[in-house]
Structures are given as C-alpha cells and as structure tokens.
Amino acid sequence: MLKLLLKWLLSACALLAVAYLYSGVQVSGFGAAMWAALFIGLLNALVRPILFILTLPITILTLGLFFFVLNAAMFYAASGVIDGFHVRSFGAALLGSILYSIAGVIIDSALEGVQFGQRR
C-alpha cells in the first residue's frame, strides 16, 4: 500500500516535471498534479484496456503506434476533467503523454526492488 502511495506521489512529481519541460501541458500546483495523476492512473487501469481491445485491429495495422494515441487520449481526457490541469491540444497531449510515460517507466524501475514493512 505504501508503495502505491509513493508511486502516486512520484507520478504527480513527474506530471509537474512534464509541465515544467513542455509548455503544452500546464499544472496549477501540486494538488492538481496529485488529482491528475490519480485520474490518469484510474483511466489507464479501467478504460484503456477496453479501448485497447476495441482498437486492436488498428493497433496491429499501425504496428503498435496507435497505442500512443490511446495514451494521449487518456492524458487529454484527464485534462478535461481535472481543474488546474490543462493540455493545450491533442498534439500536446501526445507529446505530454510520451514524456509522462517515460517518467512512469523510470519510476516503476526505481520502485521495482523497494519493499516496505518487511519483517525478518
């Protein structure tokens, strides 16, 4: 549970970093980044698998590149719901989601070996 909270916190920091590095993504503060990271995570866990199955033929046809469009759609959808998190356009969502995904891979690899609350 603590690992999940740490991942959420680091994902919010990654979202702030994306907003700092790329002007197409704007985050008003850390609270908005926390809500946006939570909502993006929920969309990725609940909606993206369904969309992936529905769009599997086009994903295969584009050799997996359509998966970037699905990630951008989740990123852009979160900006439409969360106050304080704004993405300028779908193209900005595409680039922002790529940067956010790269940060997510780094976070996942850093937390891979971390274990909390282990008793010996």
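Which element gives the most to the lining of the largest pocket? Helix α6 does, with 8 residues. This is a predicted model, in which local features need pLDDT of at least 70, side-chain atom pairs count only at pLDDT 80 or more, and totals for chains, interfaces and linings use all residues. Residues are numbered from 1 along each chain as its sequence is written, and side-chain values use heavy atoms, without hydrogens and water.

**Aromatic pairs**

- The structure holds 4 aromatic pairs, meaning rings of Phe, Tyr and Trp (its six-membered ring) with centres within 6.5 Å; planes under 30 degrees apart count as stacked, over 60 as edge-to-face and the rest as tilted.
- Phe52 and Phe67 pair edge-to-face, at 5.5 Å centre to centre and 85° between the planes.
- Phe52 lies in helix α3 (residues 48-54) and Phe67 in helix α5 (residues 66-81), so this pair ties together parts 15 residues apart in sequence; helices (H or I, at least four residues) and strands (E, at least two) are DSSP runs, numbered from the N terminus.
- Phe52 is partly exposed at 30% relative accessibility, where buried means under 20% relative accessible area, exposed over 50% and partly exposed in between (1.4 Å probe, protein chains only).
- Phe75 and Phe85 are both buried.
- Phe75, Phe85 and Tyr100 form one aromatic cluster.

**Largest pocket**

- A pocket is an open set of points on a 1 Å grid over the protein atoms alone, where a 1.4 Å probe fits, with protein on both sides within 12 Å along at least five of seven lines; lining residues have an atom within 4 Å of a point.
- The largest pocket holds about 540 Å³ of space, a volume being the space filled by probe spheres set on the points, which are joined across faces, edges and corners.
- Of its 24 lining residues, Lys7, Ser11, Gly41, Asn44 and Tyr100 are the closest to the centre.
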